[in-house]
Amino acid sequence: MTHIHAVLAHKDFEMPKKYYFNYEPVYAFSQKEIKTNLTLKIYNSEYDDRLFGELGLWKYLYEHEQYDWYTLHHYRRFFEEYYEHVSLPQPIQFNCNLLQQLAVMHSPKICEWLQQVLDPNDFQFLANTNRLYSYNIMSIPRELLGTWLSFVEPIIKKLIEVIGITDYEKIIEFVTNDKSFTDNKLNGQEITGKDCRPEYQCRIYAFILERLTTLFFAKLQGVQVYHCEVHLLEQNQKM
């Protein structure tokens, strides 16, 4: 049984010794380039990580690294997975459903886009649950990783057609001009905890990917999912 631990790193970082693995590759993912210390090559990804988060690296791992199991961490967030068991971070529980959370903390437009591309039952699921698998990091066997990619990627591609923007600078301009993304008030009341920075709100596809991952594992039958503690590695970092 082969198992790869990958660390998604957007910048240079020092990994705490307690998180060193027997086999420890580190990937630097900047914009659309994936650099890996396994081969010292650069791979071009169709998914800019500033917009799509971890999707490009997950696809790279599946297509270029042949292992039985894959575990992906983030340079700021490590989680202690159950070895060779399907493991995800402990889900976040909101005091509203996932669509309401998207509308308030990001923009109602995202909910409108989702409704255009999701099966009605899947869209309704997001309206009925308040638990979210965040960060798009997990430990997963190869076959299930392929199944996950086959589920989330076609939806992301439909969203690209609906939204019509994949260029980073253009999405920055879009969310800057659309006050539903960058305004921290709702009905005249300040929204506590909303990050209104355009460089954060532009991660539209990554936010959606978290909801699709949550939906995928809710629909999954016959697989036990283990919930794991996430360790934050930077001071003042928020979950």
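Trainee: Why is the crossing of α4 and α6 called right-handed?

Mentor: The crossing of α4 and α6 is right-handed because the near helix is turned clockwise from the far one by less than a right angle. This is a predicted model, in which local features need pLDDT of at least 70, side-chain atom pairs count only at pLDDT 80 or more, and totals for chains, interfaces and linings use all residues. Residues are numbered from 1 along each chain as its sequence is written, and side-chain values use heavy atoms, without hydrogens and water.

Trainee: What makes α4 oblique to α6?

Mentor: Helix α4 (residues 108-117) packs at about 120° to helix α6 (residues 142-163), with the axes 10 Å apart. That angle makes α4 oblique to α6, since oblique covers what is left after under 35 degrees (roughly parallel), over 145 (roughly antiparallel) and 65 to 115 (roughly perpendicular).

Trainee: Which residues make the contact?

Mentor: Trp113, Leu114, Gln116 and Val117 of α4 meet Ile155, Lys158, Leu159, Val162 and Ile163 of α6 (contact: heavy atoms within 4.5 Å).

Trainee: How do you know that strand β5 is mostly covered?

Mentor: In β5 (residues 69-74), six of its six residues are buried, that is, under 20% relative accessible area with a 1.4 Å probe, protein chains only. Trp69, Thr71 and His73 point one way, Tyr70, Leu72 and His74 the other.

Trainee: Why is β5 said to pair with β1 and β10?

Mentor: Pairing requires at least two DSSP bridges; β1 (residues 3-9) runs parallel to β5 with six bridges, and β10 (residues 139-141) is antiparallel to β5 with three. Therefore both qualify. Val7 is partnered by His73 of β5, and Tyr70 stands opposite Ile140 in β10.

How values were computed
Axes fitted to C-alpha atoms, helices over the stretch in contact; angles between N-to-C directions. Helix = DSSP H or I, 4+ residues; strand = E, 2+ residues; numbered from the N terminus. Buried < 20%, exposed > 50% of the residue type's maximum accessible area, 1.4 Å probe, protein only.
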